[in-house]
Amino acid sequence: MRLEEAQRRNHKAPTKRQRQIEDKGRRGRGREREATPSKREQRAAACISLSRTEADTPTMTSRRDSDPLSASDARSEPWIREGLAVVVVGASGDLAKKKTYPSLLSLYADDLLPPRVAIYGYARSKMTDDQLREKIRPHLEEKGGFADRIDDFLGRCFYQSGSGYGDVDGWKALDDKLRKFEEEGKANEGIEAFNRLFYFAIPPNVFAETGEAIKKTCMSASGFSRMIVEKPFGRDLDSCKEILARLGNHFDESDLFRIDHYLGKEMVQNLMVMRFGNVWMENMWNRNHVQCILLTFKEPFGTEGRGGYFDQYGIIRDIIQNHLLQVMCLLTMECANKLVGPESGEKIRDEKVQVLDAISPVTLDEVYLGQYEGYTDDLTITNKDSNCPTFAMVRCFINNPRWAGVPIVFKAGKALNERKAEMRIQFKDAPAAESLFGTQVTRNELVVQLQPKESIYLKSNIKTPGFSSAPIQSELEVKYDTRYFGSGHACNPDAYSRLILDVLRGQSASFVRSDELIRAWEIFTPILHRIERENVRPHLYKVGSRGPKVRVVCPSIITVHRL
C-alpha cells in the first residue's frame, strides 16, 4: 500500500505545454499515415530483387534509405533508362511458357523492366504473334496478382520462327525487327543505347549453333548482349568442356550467365547475410561444433512423361551435381572480402571454387542408389532394364581446416513421401549432457527450409514443462510466409524473376562460372561413369515412401542418417 501511495504522490498530471506537444505529435502521425505509399508502390519497392550479394534482411524497423536495393536505387541504374529487347529462345517449349514468360511478367508488372521493352520469342514452330500470346496467356494468369497488366505485357510479346536454332536467315529476320524497334525508340523517345538479353530455354545440344548464329547476325550495336543459359551443362566432364568451348568461342565469360534457379531462392540468397551478418554463427560454423551437414531434395511425384529425358541423366546429374552442390558451396565457403557491389560476384565465386577444390572425387562406397517401383513403366523410357537412379545419397568431405572430417551428405529423390528442400546442420553433442541429466540429450540442429515454405528454425533443448526436469527438444522458428510475406511488408519474387533482374543489372554472384562447372564435374564424373560401366543396380523403393532402407544396406552413411 505504501508503495502504491508513493507512486500516486510522485505522479504529476501533464502540464498545458505537455498536452499541446502530445496533440501536435498525434496530428503529425496522422499526416504520416495519409502519406503512406499506395499498395502498388509498396509492392514494387518490396519486390526489388534482393540478391544474395546485396540483400538486407527484411525487418519492420529498417530504414528505407539504408536498403542498398531500394526502388529508387534500382531504377536509377543506366540500363533502366535504355531500350531492351528480350529474346526467349525456345519460346514454344514448356520452360519458356511456365517459367520465363511469367517471370518477365512479374518484372514488368513491378516496373523493373525499361519502359521501352519488347519481348520476342524464337523457335522452330510456325505461329503468329497472336498465337504465341494465346499459348502463354494461361500460364501468366496462373501466376496471379498481375491480372491488370497481362494484356499490356502481351502487347509487347512478338514471335519469330526459324527452320532451326542455327538458322542464320531466321536470326537475320529477327534482327531486322529488333533494329526497327530500336530506331523507333531513338526517333520518338531519344534513346541512344539498346540492350539485348537472350534466354536459352533450349537443349544443350543446340547451344553452339544458336550462339554462333546470334553472334553473326543479332548482337546489339549500341548496348550489351547477354546470354542466360539453362542447365544441363553437359552430362559429364568432357561434354561440359565441349559446351563451354563452343559458347566461349563466341561470347566472353562476362556475358554468359549460367542459371541455376536454386541460387535465386529466397533462403539461398539469405545465406550470406545469415552467415556473415550474425556474430554468434561464425564462432560455431566449423568442425569443432558441427557434427554433419545434410542437404535434402524430395519430390512426391515421378517422371510423369519425362522419363525419356530423365533416364539419360538420373537424380545425381539432375539435382545433386548442380542444385545441392551449389547450395553447399554457399553454406560452407569462407567469407569473401566483398559481399556487396560490382566486385562481389567474382570474389564470392572464387570462394565457392575453393570449396570445390577441397573435395575429392566421390567413390562408390560413398553412394547409395534407389529407384522407385514402376519407374520403367513410363512409356517414354525405352530401356526397360534401366539402372537410372531416381534416389541417391552421396557423402563427401571438404578437406580444409574449417570442415575436415565433417560428413556432407546429399539426399535427393523422386516419388517420395513429400515435397521438401532444406539445409540441415547438426551440431555435436552437448559436453557431458547425458551424465548431467541422466538421459540422452538430443543434438541441436539448424534447419533452413527452401521449399515448400521458407523458414529457419533452431532445434534447441529446454526443460520439460511442469514438475519434470528432463530435457526435451523445441524449436525457435521464423516462418517467412507469416512473418514477412503474409504481412504485406515484403513480397517473395520467384527465383527466375530475381535472376533475370540480376542479369540486367550485371550481377554475376548468383550464376555458375565455368571453372565451378568443371570442378563440379571432376568430383562426380568418375562415379557416374562407374555406375554406368558396371551397371550398378539401384535398390527399389515404394512410391510415396521415404526411400530405400539406408540403415540396412549402407553402413558408411548410417552415422549421419539420424537426420
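Asp429 has a relative accessible area of 44%, so it is partly exposed; here buried means under 20% relative accessible area, exposed over 50% and partly exposed in between, with a 1.4 Å probe and protein chains only. This is a predicted model, where local features need pLDDT of at least 70 and side-chain atom pairs count only at pLDDT 80 or more, while totals for chains, interfaces and linings use all residues. Residues are numbered from 1 along each chain as its sequence is written, and side-chain values use heavy atoms, with hydrogens and water left out.

Asp429 pairs up with Arg443 in a salt bridge, their closest N and O atoms being 3.0 Å apart. The term takes a side-chain nitrogen of Lys or Arg within 4 Å of a carboxyl oxygen of Asp or Glu. Asp429 is in the loop between strand S11 (420-427) and helix H17 (433-437), and Arg443 is in the loop between H17 and strand S12 (445-451), so the contact ties together parts 14 residues apart in sequence. Helices (H or I, at least four residues) and strands (E, at least two) are DSSP runs, numbered from the N terminus. Arg443 itself is buried, at 10% relative accessible area.

Across the whole structure, the search turns up 42 salt bridges. One of them joins the side chains of Arg116 and Glu189, at 3.4 Å from N to O. Arg116 sits in the loop between helix H5 (94-109) and strand S2 (117-123), whereas Glu189 belongs to helix H8 (residues 168-189), so this bridge ties together parts that are 73 residues apart in sequence. Arg116 is buried at 15% relative accessibility, while Glu189 is partly exposed with a relative accessible area of 45%.

Then there's a local case: Glu522 and Arg519 form a salt bridge with closest N and O atoms 3.0 Å apart. Both are in helix H20 (residues 514-533), three residues apart, or about one turn of the helix. Glu522 is partly exposed at 31%, and Arg519 is buried at 13%.

## Rings and charges

On the aromatic side, the count is 15 pairs. Rings of Phe, Tyr and Trp (its six-membered ring) pair if their centres lie within 6.5 Å, and planes under 30 degrees apart count as stacked, over 60 as edge-to-face and the rest as tilted. Take Phe310 and Tyr375: the ring centres are 6.4 Å apart and the planes are at 70°, so this pair is edge-to-face. The two come from distant parts of the chain, 65 residues apart, with Phe310 in helix H14 (residues 307-310) and Tyr375 in the loop between strand S8 (367-372) and strand S9 (391-397). Phe310 is buried at 0% relative accessibility, and Tyr375 is buried too, at 1%. Ring pairs also gather Phe310, Tyr368, Tyr372, Tyr375, Phe391 and Tyr541 into a cluster.

Some rings have a charge sitting over them, meaning NZ of Lys or CZ of Arg is within 6 Å of the ring centre and within 35 degrees of the ring normal. Arg226 puts its charged end over the ring of Phe224, 3.8 Å from the centre. Lys265 lies over the face of Tyr262, with 5.0 Å to the ring centre.

## Sheets and strands

An open sheet of seven strands runs in the order S3-S2-S1-S4-S5-S6-S15, with mixed pairing. Two strands pair if DSSP finds at least two bridges between them. Strand S3 (157-161) and strand S15 (511-512) are the edges; each has a single partner strand, so one side of each lacks a neighbour in the sheet. Inside the order, strand S5 (residues 225-230) and strand S6 (residues 256-259) pair in the parallel sense over four bridges, with Glu230 opposite Ile259 in S6.

S9 has six of its seven residues buried, so the rest of the structure largely encloses it. S8 and S9 run antiparallel, joined by four bridges, and Gly370 has Phe391 in S9 as its bridge partner. S9 also pairs with strand S10 (residues 407-413) in the antiparallel sense, over seven bridges; there Phe391 partners Gly413 in S10.
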